Amino acid sequence: MGDGKAALGGRFLDAAIGLLRRVRDEDGDALAAAGELVADTVVAGGRLFAYGAGHSSLPAQDLVYRAGGLALMNLLAVPGAVGVEAPATLGSALERIDGLASAVLDTSPLRSGDLLVIISLSGRNPLPVEMAMKARATGVKVIGLTSVAYTTETESRHSSGTFLKDHCDLVLDSKIAVGDAELTLDGIPAPFAPASTVVTSAILQAVMATAAGSLADRGVEPPLLRSGNVDEGHDWNERIMREYGDRIFYLR
């Protein structure tokens, strides 16, 4: 393998690191505010939910039932749009259906006082836009994680002409360029090496770390899960789940 090709892995890692540094340096205040909003919800007795369609569901799932993560984070799932299911194109089609978000929220446990994290790279499709609009209208706080670049370089697919970022209490910008591909190479006609999952997952874990610290500062033990593969992990998790069982929906 030529030196140029051998260096592609390193180039991708450098690109991802650069994006993460931008998030840290440019949006530290937004990350802190998001963590405080999560902590506010926990203290007030609210429940935590995360939603993302297609590959944007992967960072949402990474928050749920996670060792070292908050036990109260639940996945808001849209059947047919959780991760990459077969047929893979169905999830993309569902994101563009008007009214689906209302049906999802009407049949979900979300209620006023809860917090919903909505992840959508482009933030332009009807499903995440309507989900944010509907959730806020019912008293749910919304954190949107998206690439703000899409709002200036693409058009909304929602009838209102708005994007996810226009309907959130707080917006986190992943800094991902339109197209979600970090590398190019002579002889390869399309850009490649997407970084959105790496960056988005890291942003959300930074928010959860901030939330845990904020809860501790308030004298509240953060309801964290431990790995089931360490001694006493199961006993620890059973205690947390007993204490917060009314706010944990992935066990039902």
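1. The model is a predicted one, and the points that follow should be read with that in mind.

2. In one of them, Y65 and Y250 form a tilted pair, with 5.6 Å centre to centre and 50° between the planes. Y65 belongs to the loop between α4 (57–62) and β2 (73–75), while Y250 belongs to the segment after α10 (233–243), so the pair ties together parts that are 185 residues apart in sequence.

3. As to how accessible these two residues are, Y65 has a relative accessible area of 54% and is therefore exposed, the cut-off being over 50%. Y250, with a relative accessible area of 23%, is partly exposed.

4. The ring of W236 deserves a separate comment: the charged end of R226 sits over this ring, 3.9 Å from its centre, and the charged end of R239 also sits over the ring of W236, 4.6 Å from its centre.

5. Turning to helix packing, the axes of helix α3 (residues 28–43) and helix α9 (residues 196–217) come within 7 Å and cross at roughly 55°. The two helices are therefore oblique to each other, and the crossing in which α3 passes α9 is right-handed.

6. Which residues of α3 meet α9? On the α3 side they are L31, A32, A34, G35, E36, V38, A39, V42 and V43, and in α9 they meet I203, V207, M208, T210, A211, S214 and L215.

Terms used. Residues are numbered from 1 along each chain as its sequence is written. This is a predicted model: local features need pLDDT of at least 70, side-chain atom pairs count only at pLDDT 80 or more; totals for chains, interfaces and linings use all residues. Side-chain values use heavy atoms; hydrogens and water are left out. Rings of Phe, Tyr and Trp (its six-membered ring) pair if their centres lie within 6.5 Å; planes under 30 degrees apart count as stacked, over 60 as edge-to-face and the rest as tilted. Helices (H or I, at least four residues) and strands (E, at least two) are DSSP runs, numbered from the N terminus. Buried means under 20% relative accessible area, exposed over 50%, partly exposed in between (1.4 Å probe, protein chains only). A charge sits over a ring if NZ of Lys or CZ of Arg is within 6 Å of the ring centre and within 35 degrees of the ring normal. Axes are lines fitted to C-alpha atoms, for helices over the stretch in contact, and angles run from 0 to 180 degrees between N-to-C directions. Angles under 35 degrees count as roughly parallel, over 145 as roughly antiparallel, 65 to 115 as roughly perpendicular and the rest as oblique. A crossing is left-handed if the near helix is turned anticlockwise from the far one by less than a right angle, and right-handed if clockwise. Contact means heavy atoms within 4.5 Å.
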